[in-house]
Structures are given as structure tokens and as C-alpha cells.
Amino acid sequence: MGATLLRSGAGSRGLVRRALGQFATGVTVVTSSTEDGTPVGTTASAVSSLSLEPPLLLVCLERSSRTLASIREHEVLAVNVLAEGQEWLSANFARRGEAASWEDVSYRLGETGNPHLDGALAVLDCLLERCLAGGDHEIVVGRLVAVEHGDEDLGPLLHHRGSYVSLRAR
Ligand SMILES: Cc1cc2nc3c(=O)[nH]c(=O)nc-3n(C[C@H](O)[C@H](O)[C@H](O)COP(=O)(O)O)c2cc1C
């Protein structure tokens, strides 16, 4: 296992993505809404628990993300943890250059006004605590104000080496 020194440029980007792709993650859709109440959302796997007291989580979002812009504006976000079989939701909310379609997405609004996706394993509804700079991303810190639990018999949707994986398939 030889180490490769990173230099700036597209080549390094690929190496970093490949190495971090070995870190298996769950998949979430982070939702919020625009000024006129239109729902917005983005697929995100860079999500982590941060603190239990107070209850905080973090999500890393690309600075160009439309969802990030709405979160900054409304200061609320919800993290919807996807279940196995929800690959289509992940793909829908990961469309680059175009807004996700909400036409076939069933959801209800949480207390904060954030869309909560039906069928999610859990929904973590948050107020925006702060945004921190992180290179071409921003670290969004959310303070949990409500949680919802979904069907505990379902497994999570996982992402590993650029593909979706289910625990059941193992
Ligand atoms: C499995 C998966 C995980 C992703 N994780 C993130 C992430 O953690 N942060 C991020 O900024 N983009 C992530 N993306 C890419 C965004 O979903 C994508 O850029 C999206 O189009 C942004 O939408 P928006 O500009 O409407 O917010 C991920 C995509 C996929 C398929």
C-alpha cells in the first residue's frame, strides 16, 4: 500500500474521491424551502452527529448548492435518512444543474416548515445554528428541534465506492 503525494489539480481530486469513496456512508436528503414556500432538497452523505447536549448535527454542502442558499435564508433544515429501495430519491435530489422534481415525491411539512419525506428511516428537523467555511463546501451546523422515526424493519440505503449498497445484499 504505497502513499501518493497530492498535488493541486484534477488528478488529485480523483484520488481523494477514490480514497474517501472507501468510507461507506448512509444517504440522506437535506430539505428546506425557498422564500415562496417551494420545497428544495439535495442528496447528502457528508452528514455527522456533532453533539448530544445540545443536540447538534453537521452537513457539508457545496457552496454552489441551491439548497444551501435556502437553508441560509430560512435558517432551517431537515435531514431525511433514506431507506433501502429509495435510490430513486437519492438520484432525484442529486441532479446537477437542475432543480429536483417534487412531482412524485410524497412528503408532509414539519413544524419548521421543512419537507419531511415519506418512507424515510428518520427525519431530523433542525434550526440553523451556524455555517462555517470548509474550502469549496460549507459546514452547516443544525440544532435538532424534532425527530421522527420511520419503519424500524427497513434497512438503510448505503453508498460505497460510488454505488448504492443494501445491508440485506451482504
Ligand atoms: C450519494 C450522494 C451523496 C452526495 N453527498 C453530497 C454531500 O454530502 N454534499 C454535497 O454538497 N453534495 C452531495 N452530493 C451531490 C448533490 O446532491 C448534488 O450536487 C445536487 O445536485 C445539489 O443540489 P442543489 O444545488 O439543488 O442543492 C451527493 C450526491 C450523491 C449521489
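Leu 157 sits opposite Ser 166 of strand 12, a strand being a DSSP run of E with at least two residues, numbered from the N terminus. This is a predicted model, in which local features need pLDDT of at least 70, side-chain atom pairs count only at pLDDT 80 or more, and totals for chains, interfaces and linings use all residues. Residues are numbered from 1 along each chain as its sequence is written.

Strand 12 (residues 163-166) pairs with strand 11 in the antiparallel sense over four bridges; pairing here asks for at least two DSSP bridges. The two form a hairpin with two residues between them, and Arg 161 in the turn has a positive phi of about 50 degrees. Strand 11 also runs antiparallel to strand 1 (residues 25-26), joined by two bridges, with Leu 158 as the partner of Gly 26.

Let's move to the largest nonpolar core. It has 29 residues, and Leu 124 and Val 79 are among those that touch the most other members. Such a core is a set of buried Ala, Val, Leu, Ile, Met, Phe, Trp, Tyr and Cys residues joined through C-beta atoms within 7 Å. Strand 6 gives the largest share, five residues. In soluble globular proteins, nonpolar side chains tend to be buried together.

Note on methods
Buried ≥ 20, exposed ≤ 12 C-beta atoms within 10 Å, placed from the backbone.
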